[in-house]
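Thank you all for making time this morning.

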Amino acid sequence: MMLSQLPTLGVGLGFREPFKSDLFLNRQQVDFLEIVAEHYLDAPVQKQQELEILAAHFPIIPHAINLSLGSAEGLDTDYLRKLATLIKQLNPPWWSEHICFTKAGGVDIGHLSPLPYTKEAVDILCRNIAEVRRFVDVPLILENITYMVKLPGAEMTEAQFLAEVVERGDCGLLLDVTNLHTNAVNYGYDVHDFLNDLPWERVVQLHFVGGHWHDGVLIDSHSQSTPTEVWQIMEEVVGRIPVKGIVLERDENLPPFTEIAQELQTAREIGRSH
């Protein structure tokens with residue numbers, strides 16, 4: 001995959017329905033949109049029309065959450081076919097999923113679950129990624145997740161695991177700098193050590209937002225403005241490599257759109273400063 005040849009999209013927003021009116025009123029503040037792919041699979045006519053309107057005005061990146069690339073039992077090919085149809089419809093420069101599993105034993109777990117950092121898990125992910133490529137020939141970038149539990153038996157660090165997966169799977173990396181900050185805080189590891197172990201040439205896109213504290217644990221709730229520490233990580237990352245896209249993912253406790261636009265502008269200024 002020639003990631004360096006992917007187009008630069010700029011600064012974008014994870015599309016959520018409450019943003020819709022303000023989004024078009026502030027068209028110049030948003031370079032592209034990222035949609036949750038599952039919102040448009042088996043979608044009613046109204047959602048299909050919404051997607052057509054969005055795609056007529058913005059470049060769209062599909063962001064999937066339930067492919068379950070880490071499932072040892074393999075992938076749901078019916079789901080994969082629907083996802084492939086959506087991606088073909090939108091014809092994006094890349095699309096994204098998470099390094100995790102969401103299904104096990106035929107049961108949908110309902111959230112992104114971490115994998116053990118083992119060679120066996122890398123093998124499973126790479127096997128499933130190869131299966132995905134039988135259906136989708138658009139470049140795939142993979143995102144690091146947050147987790148509330150570290151699985152035992154690790155044979156490598158999280159950063160080494162991510163690097164192994166994207167290198168062997170020939171994928172790009174969607175580096176969620178908020179997820180990185182959250183895990184580093186909750187598990188007490190050094191962000192810079194983590195960054196030093198990443199294959200920088202594979203970093204394509206960033207995610208950012210703010211979470212909240214609960215009983216001494218930092219929660220990845222997408223519910224707060226972006227904290228200083230996350231801006232600092234973004235600054236370090238874009239100082240090392242010219243990423244192709246930066247996306248704000250705000251889901252809860254939605255502020256006035258002027259605050260959303262200000263965060264997008266801050267990200268844009270960080271990107272332009274390098």
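Predicted model: local features only at pLDDT ≥ 70, side-chain atom pairs only at ≥ 80, totals over all residues.

Let me begin inside, where the structure holds 1 cavity of 30 Å³ or more; a cavity here is a set of points on a 1 Å grid over the protein atoms alone where a 1.4 Å probe fits but cannot get out, and a volume is the space filled by probe spheres set on the points, which are joined across faces, edges and corners. Residues are numbered from 1 along each chain as its sequence is written, and side-chain values use heavy atoms, with hydrogens and water left out.

The largest cavity has a volume of about 70 Å³, and its lining, meaning residues with an atom within 4 Å of a point, includes Ile99, Pro114, Tyr117 and Glu158. That lining divides into 8 nonpolar residues, 1 polar and 1 charged, where Ala, Val, Leu, Ile, Met, Phe, Trp, Tyr, Cys and Pro count as nonpolar, Asp, Glu, Lys and Arg as charged, and the others, Gly among them, as polar.

Turning to the chain as a whole, its secondary structure comes to 9 helices and 12 strands, taken as DSSP runs (H or I of at least four residues for helices, E of at least two for strands) and numbered from the N terminus. The radius of gyration is 18 Å, close to the 19 Å that the globule rule gives for 274 residues, so the chain is as compact as a globular protein of that length; the radius is taken over C-alpha atoms, and the rule is 2.2 Å times the number of residues to the power 0.38. Buried residues make up 54% of the 274.

Is arginine 16 buried or exposed? With a relative accessible area of 13%, arginine 16 is buried, since buried means under 20%, exposed over 50%, and partly exposed in between, with a 1.4 Å probe and protein chains only. Arginine 16 sits in the loop between strand 1 (10–14) and helix 1 (20–25), and, residues up to four places away in sequence aside, it touches Glu34, Val36, Glu249, Arg250 and Asp251, contact meaning heavy atoms within 4.5 Å.

Valine 217, by contrast, counts as partly exposed at 28% relative accessibility, and it lies in strand 11 (residues 217–224). Beyond its neighbours within four places in sequence, valine 217 is in contact with Met148, Asn186 and His212.

Conventions: 1 Å grid on protein atoms, 1.4 Å probe; cavity = no way out; pocket = protein on both sides within 12 Å on 5 of 7 lines; lining within 4 Å.
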